[in-house]
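Subject: Handing over the two-chain model

Hello,

I am passing a structure on to you, and I hope you enjoy looking through it. Please open it first, and then read on.

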Amino acid sequence: MNCKKVKELLMTDYVDGEMRPGIQHRIRQHLAGCSDCRGFEEAVQKEAIEPFRNAQRVQAPGIVWEGIKEAIAAPEKAPVFIIRRPAFALAAVAALIFLTAIFARSFFISPGQVTEYIEEQAAFFAYLDTGVNSFMDEGGGGLGTSIEEYFL
Amino acid sequence: MQDISRDLLTQASKGDMQAFEEIYRLASGFVYSVALRITANADEAKEVTQDVFIKVYKKLWRFRFQSSFKTWVYRVTTNTALNTLKKISKEIGRRADYDVALKVKDDRAATTQAVERDDNKRLLSSLLGMLNPDQRACIILREIEGLDYREISKALGVNINTVRSRLKRAREALIPHGKRGDRL
């Protein structure tokens, strides 16, 4: 067992009594012949173990028990409904924006425009159904719909 | 922490305040000491102790004796104290307790003088102040409360090798060999 491993165990299992007797015996053998590791063990005991040896448990002041009794006796607050998860809040906002957009569109567009739009779309799907590709080539690759005109 | 009988726990779980007060009497020393060592602040330690016993009171009826009551209290205490410490960590640098600790970290001679003056309380505070919260909790549970590795691992919710590693790092920080760069 080399010094590095011995020092590691001196800081953990050896001083804490967590070591199997066989390994403990090997460490003692190593310490008997290694002054550097013996010095290290003394340092661990003096600096990291002994200062805590006389540490005393501190009793809680009486006021703590009084506070506990008061907290237990006090009526519990009624739960308040809040949306805790950001995902729910974001979903609610997104839904609100979507519904507003739909409502605004149907409010500002006249019934005639809606009918025209539906007819155009129906015509487009009819072309697709017949397998005619020329529809896509008309007008320089555009579809010729009112939506396209709107955006272009 | 002293052993607490099953009968006492059962009575307290049914709302018997006398039984609960007896549990407090038996366990509060451990809870307050650990909270005080971890947070290094008496007011925070009182808050933590209060929180722990309110949690115990509210959840005692769910305790099924499948694990040790002591282990449960160890865990609630260390979790609550560490969470409190994390919440106040931004203020720690401004606190006098930790100013002392940091000074000692930079000047080991001051620690030696503290030993010579037999100022054990101050020394302990200084030494614990040199450690990060996880290492501090391990050292407190091992050195002051005398828990073994298995008990510490259950109290902190980590495996035994993590306990071993934290204790090693903590002791490296505490011994002068570690400070001189003779790290393993």
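Below is what I found in it, chain by chain.

Before anything else, please keep in mind that this is a predicted model.

**Chain A**

Chain A has 152 residues, of which 11% count as buried. Its secondary structure consists of 9 helices and 0 strands. Among the contacts in chain A with a separation of 6 or more, 54% join residues 24 or more positions apart.

How confident is the prediction here? The average pLDDT of chain A is 77, and 68% of the residues score at least 70. Confidence is highest in helix H2 (residues 13-16) of chain A, with a mean of 94, and lowest in helix H8 (residues 134-137) of chain A, where the mean is 45. Over residues 131-140 of chain A, pLDDT stays under 50, and the model has 6 contacts beyond four places in sequence for this stretch.

Is Met1(A) buried or partly exposed? Met1(A) counts as partly exposed because it has 13 C-beta neighbours inside 10 Å. Beyond its neighbours within four places in sequence, Met1(A) is in contact with Val6(A), Arg26(A) and His30(A). The C-alpha atoms of Met1(A) and Ile23(A) are separated by 9.8 Å, with the two residues 22 apart along the chain.

**Chain B**

Chain B is also built from helices: there are 12 of them and 0 strands. Of its 184 residues, 40% count as buried. Residues 24 or more positions apart make up 64% of the contacts in chain B with a separation of 6 or more.

Which residues touch the most other members of the largest nonpolar core? They are Val31(B), Ala35(B), Cys138(B) and Ile152(B), in a core of 59 residues. H2(B) gives the largest share of this core, 12 residues. As a general point, nonpolar side chains tend to be buried together in soluble globular proteins.

Apart from neighbours within four places in sequence, Cys138(B) is in contact with Ile152(B), Val163(B), Arg166(B), Leu167(B) and Ala170(B). In H11(B), the buried residues include Val163(B), Arg166(B), Leu167(B) and Ala170(B). H11(B) has 15 residues and reaches 21 Å from its first C-alpha to its last, close to the 21 Å expected at 1.5 Å a residue.

One backbone detail deserves a look as well. Most residues other than glycine have a negative phi. Ala40(B), although not a glycine, has a positive phi of about 60 degrees. Ala40(B) lies in the loop between H2 and H3 of chain B. Ala40(B) is buried, because 23 other C-beta atoms lie within 10 Å, and 20 or more are needed to count as buried.

**Where the chains meet**

How many residues of chain B are in contact with chain A? There are 31, and they touch 28 residues of chain A. On the chain B side, the elements giving two or more residues are helix H2 (17-39), helix H3 (42-59), helix H8 (120-129), helix H9 (133-144), helix H11 (160-174) and helix H12 (176-179) of chain B. The residues on this side of chain B divide into 16 nonpolar, 7 polar and 8 charged.

How values were computed: Residues are numbered from 1 along each chain as its sequence is written. Chains are lettered from A and ligands numbered from 1 in the order in which they are written. This is a predicted model: local features need pLDDT of at least 70, side-chain atom pairs count only at pLDDT 80 or more; totals for chains, interfaces and linings use all residues. Helices (H or I, at least four residues) and strands (E, at least two) are DSSP runs, numbered from the N terminus. A residue is buried if 20 or more other C-beta atoms lie within 10 Å of its own, exposed if 12 or fewer, and partly exposed in between; C-beta atoms are placed from the backbone. Two residues are in contact if their C-beta atoms, placed from the backbone, lie within 7 Å. Ala, Val, Leu, Ile, Met, Phe, Trp, Tyr, Cys and Pro count as nonpolar, Asp, Glu, Lys and Arg as charged, and the others, Gly among them, as polar. A nonpolar core is a set of buried Ala, Val, Leu, Ile, Met, Phe, Trp, Tyr and Cys residues joined through C-beta atoms within 7 Å. pLDDT is the predictor's confidence in each residue, from 0 to 100. The expected span of a helix is 1.5 Å times one less than its number of residues.
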